[in-house]
Amino acid sequence: MRHTISVLVENKFGVLARVAGLFSGRGFNISSLAVGETMDPAVSRMTIVVDDQGSPRIMEQVEKQLNKLINVIKIQEFSRGESVDRELILAKVKTTSATRSEILEIAQIFRARVIDVSPSALVLEVTGADDKIKALLNLLARYGVKELVRTGKVAIARG
Amino acid sequence: MKGAKILLEGLVKEGVEVIFGYPGGAVIDIFDEFHNYPIKFILTRHEQGAAHAADGYARASGKTGVCIATSRPGGTNLVTGIATAYMDSVPMVALTGQVPTAMIGNDAFQEADIVGITRPITKHNYLVTDVDDLPGVIKEAFHIASSGRPGPVLIDIPKDVQQADTKRPYPKKAEIAGYKPVYQGHPRQIKNLAEAIAAARKPVLYVGGGAVASGASAELRKLVEKTSIPVTTTLMALGVFPETSPLSLGMLGMHGTQYANFAIMDSDLIIAAGARFDDRITGKISEFAPHARIAHIDIDPTSLKKNVRVDVPVVGDVRLVLKELNKIVKPGKCGPWLKQIRSWKKEFPLAYRDTGLIPPQYVIEQVYKATGGDAIICTEVGQNQMWTAQFYPFTEPRTFLSSGGLGTMGYGFPAAIGAQFAFPDRTVIDIAGDGSIQMNIQELTTAVVNKLPVKVVILNNGYLGMVRQWQELFYKKRYAGTILEGNPDFVKLAEAYGAMGIRVEEKKGVLPALKKALKHPGPVVLDFKVAGEENVYPMVPAGANIRQMISGMA
């Protein structure tokens, strides 16, 4: 199962390496990781999606080990419903004159934007939660997704 | 003030008395400042020796040990020593010089990303790129190294930062947003622990290095006085509870006593204090202590529930938690349990065979006899380490220094040197094998030059004994790489370094040789020719549960 944790860290060089090293050194799996400054430029926020590999006890260790890092200020694990989350993807979809309009129709339904067009491909930009992105990619698969770039999930607590 | 100067100012303010290290081009500015400050610098003959000496100093005294080395090879040579300190939670500050900031990343001469290299083996580390940050970093480093669960902190200081000027004063306090160790245990959890103790019929205290680090020995003794709970300790905690007490079970685990392991396996309550349920302790984890509730006191929350389930977790400093516990604890009814333990102790004592050659265990017993137990004992790693743990009854904390977690051969001798600097008037002995002593033998010079009365007891069996033992028991005696052909003449070697060397080939010569060595005011190397193929027993084979011990005495 996947868990989303939001980690406030000091915005210093090497912090990402410490976090990444912790995951690799202890055999924890990162599904995605997104980092950026907060309103306070001395503090960054990492949104990390962790795969517990079927052992929920791992999450307790992940949190404790992250907390142990000197540069980590605060950790929040979001359980379902407590947060809203989004991911942005760019997908380069193979097109022909025959499929283009179909793809555009799908894009419209998913509120995806077309940000580049060429005779053989379209680049779609779409933002959404997991389910939506998964559904869209499923639909696009039959046309051929030549390239896919994802930001990784970002999440924020509700309220 | 120059960076190098503010560093030394900081070290003085942190109470540093001695630094172990090795010079080089990237730390020359720091070394230049040694002339101006009342800190003793000890030149070891290898940077690894410096790191272990700082570690030994720290373990013996409880203070933070400091070592210094230059960039690339200097820093990488510290690595084993830093990792050793990290695994055993030893407070240490390691200083390294770095190439000038402008050259970092260019593969300059003697450049290495030592901060990257040591990231997984330090509690924290720093590359200081701005001299204005240096005073704060030094303050933080000492604070981090010595507080919470202690550990090594490395500061990498580029040469130009050492030379640059700063107006920042040395701070009075370290303020770190993300670092607030919890010292006081939660009162509710301590109450739960007291209730568990009152309800227990077969309790055992399982005490680890955290109890030593927190100075919990007195509170632990008080707890046992009040409750009569028997105590077993890990290798790291030998001496925290007197092994001469009838309630001491000695060490547990792979080479622990049978009665300690039986007690753990049969217990209905394990109170772990500053220990981490390492695999050498638990054996096969799924069969570990099946009937026991587990209470776990530790200042490091990651230690809790890492390897075993925990019923009563208490996050906090062992000493402070036991102090609170002692105010409310009441003994459970464990008369029959104590009777059972007494009979196990009688039935399954530690023992060894006397084959006519010098039994290595006998040498350890004689070391105890010769010193009256009043000594700081260091060991290397392997059979020498286990026999010392088994056959020398430790009664005070910080008198047994050994690399437990990392298991570093070559640790003991430089650690003994460090310990001797912490306690110039105490007897300090390194118990070594003929293999491991050769890993940092160059430090004989350090001992001789500084007129340190350190004694080295070599249990010379001509093998890398522990691995040979495994090959004998589990690999059909196919000895590969474990026969030490061409060992040097250790007596001549000692003499070549300017130390005293004594060889002993007969059992009756053991005690007189030890007495002679202890009388000698300088370093002595004692070469005991011991029985070659002696094994460490009892032993839990890898993968077995800790009740399934090979006693070796059948």
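Select Lys173(B) to begin: this residue is exposed, with a relative accessible area of 62%, where exposed stands for over 50%, buried for under 20% and partly exposed for what lies in between, all with a 1.4 Å probe and protein chains only. What you have open is a predicted model, in which local features need pLDDT of at least 70 and side-chain atom pairs count only at pLDDT 80 or more, while totals for chains, interfaces and linings use all residues. Residues are numbered from 1 along each chain as its sequence is written, chains are lettered from A and ligands numbered from 1 in the order in which they are written, and side-chain values use heavy atoms, with hydrogens and water left out.

Next, select Asp300(B) together with Arg149(B), a salt bridge whose closest N and O atoms are 2.7 Å apart. The two residues are 151 apart in the chain, Asp300(B) being in the loop between β11 (293–298) and β12 (312–315) and Arg149(B) in the loop between α6 (134–146) and β6 (152–158) of chain B; helices (H or I, at least four residues) and strands (E, at least two) are DSSP runs numbered from the N terminus. Asp300(B) is buried at 4% relative accessible area, whereas Arg149(B), at 23%, is partly exposed.

Move on to helix α19 (residues 465–474) of chain B, which holds both Arg468(B) and Glu472(B), 4 residues apart, or about one turn of the helix. Their side chains meet in a salt bridge of 2.7 Å, N to O; Arg468(B) is buried at 0% relative accessibility, and Glu472(B) is partly exposed at 21%.

Finally, colour chain B by its domain assignment, which gives domain 1 (3–163), domain 2 (187–347) and domain 3 (360–529), with bounds that come from an automatic or database domain assignment. The centres of domain 1 and domain 2 of chain B, taken over C-alpha atoms, are separated by 36 Å. Between domain 1 and domain 2 of chain B, the count is 1 salt bridge.

Key. A salt bridge is a side-chain nitrogen of Lys or Arg within 4 Å of a carboxyl oxygen of Asp or Glu.
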